[in-house]
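Subject: Structure for your review

Dear colleague,

Please find the structure below, handed over for your further work. A short account of the findings comes after it.

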Amino acid sequence: MNQSAKRYSPLQALLIGGAIATTATVSVFGSAWTRCVLAALEDSPKALVDQVWQLVNREYVDGSFNQQDWLATRQTLLSKEYSSQEQAYVAIREALQKLGDPYTRFMDPQQYQALTSQTSGEVSGIGIRMEINDKTQRLTVLETIENSPALKAGIKPGDEILAIDGQSTHKMELERASDLIRGKVGTPITLQLGRIGQSPFNLDLTRATIEVPTVRYGLKKEGNRRVGYIRLREFSGHASEQMRRAIRDLNSQKVDAFVLDLRGNPGGLLNSSIEIARMWLDEGGIVRTVNRAGGSELTKANRTALTQHPLAILVDENSASASEILTGALKDNKRAVVIGSQTFGKAMVQSVHQLADGSGLAVTIAHYYTPDGTDINKKGIVPDIKLDLTAAQQRQLASNPNLLGTQNDPQYTRAIAALSSQNFAQPPATHSNQPVSSGARNLKF
């Protein structure tokens, strides 16, 4: 990903300088015409339209632009008059649809901010997870996040949020409540809480930057085995450090095997998947990316694995992109046994840019392959042990996530059985250190 919550993208730097990016393609019109157009576009919705066109023109993985005349597309876009940003948004989305690529997409400012928060692994708020309770229909705290203002203030799971800054939450939608609770770091917020055995009371808090937990783990005793169970929800900006803490903590508890649960993990940042792969793999390829010019880069392990214990990976049809990079790397290197359903099948890399008005653009810039050269796009990864859950089993686990990683979870129990097999008892022996490719970009999958 070309940007993060704390880092300017190349496009941002250009915009701060008051310029609009240009490419060699534009020069066919002549420099005088180009200067005229740029001056006319400054501070207009057309500026946004042209920025999107320029980025796609420069970066998009398919140089034929899906057999579209991309230069003619620019002329059409700039020949129109836009009375508002919203009209420009519509035109941009219509132009991008011609590429036939659902992953090259335009995001309005709200959508872009949501993506930024998700991939950074941080939000500004008080650090709670909440739901509308099915029985009471009241906004209820599910969990308080470690080191958060909510935890420090004594908010507990089960507390009901009756009002937010004096605004009643009666019949309030969850999304609306989340919007009210989030806000600028350092700003105050007052919650009215209901707690069993107490009268409603007010609690004053100050919003802070919250690191969203994406890794959950625990020690499982399965017969005479000590198994470290780790569930990774997405590959955010903090996922690798959370994974490192989990592996080290479980190592200190003397586990003798691991189960890594990637079910339902939609992906995230490329660097995160590479860093996590290196925690499990001492040597071997991790992922090969190929850009539109045919340039190929193979990223490898670098002898920094944190454990050599046997490993099983759980996947399903919603394990996608960065999840598939990690799974493919460990599967191809015979470092892990993969169990579950065939994965989603997304093998494209996106670069993400912030635009002038706070909107954003994701552009597909490369295709990736597993270390063995397998193209999984629209195909997915076939597990070593294919085990699909029945509809009833899926409903049971979805309605009670606490059953994941227990004897009530058929894919987990199959993983435990596989780890007991000598075929998967140990990772492959390591050999001499090999050169490692460098410069992997922080991209989104």
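The model is predicted: local features need pLDDT of at least 70, side-chain atom pairs count only at pLDDT 80 or more, and totals for chains, interfaces and linings use all residues. Residues are numbered from 1 along each chain as its sequence is written, and side-chain values use heavy atoms, with hydrogens and water left out.

Helix packing

Helices (H or I, at least four residues) and strands (E, at least two) are DSSP runs, numbered from the N terminus. Axes are lines fitted to C-alpha atoms, for helices over the stretch in contact, and angles run from 0 to 180 degrees between N-to-C directions.

Helix H3 (residues 45-59) and helix H4 (residues 70-79) have axes that come within 10 Å and cross at roughly 175°. H3 is therefore roughly antiparallel to H4 (an angle over 145 degrees). In contact terms (heavy atoms within 4.5 Å), Lys-46, Val-49, Asp-50, Trp-53, Gln-54, Val-56 and Asn-57 of H3 meet Trp-70, Leu-71, Thr-73, Arg-74, Leu-77 and Leu-78 of H4. These residues comprise seven nonpolar, three polar and three charged, where Ala, Val, Leu, Ile, Met, Phe, Trp, Tyr, Cys and Pro count as nonpolar, Asp, Glu, Lys and Arg as charged, and the others, Gly among them, as polar.

H3 also packs with H5, at an angle of about 20° and with the axes 8 Å apart. The two helices are therefore roughly parallel (under 35 degrees). Pro-45, Leu-48, Val-49, Val-52 and Val-56 of H3 make the contact with Gln-85, Ala-88, Tyr-89, Ile-92 and Leu-96 of H5. By class, nine residues are nonpolar, one is polar and none is charged.

Cavity and pocket

On a 1 Å grid over the protein atoms alone, a cavity is a set of points where a 1.4 Å probe fits but cannot get out, and a pocket is an open set with protein on both sides within 12 Å along at least five of seven lines; lining residues have an atom within 4 Å of a point. A volume is the space filled by probe spheres set on the points, which are joined across faces, edges and corners.

The whole structure holds two cavities of 30 Å³ or more.

Yours sincerely

Key
Angles under 35 degrees count as roughly parallel, over 145 as roughly antiparallel, 65 to 115 as roughly perpendicular and the rest as oblique.
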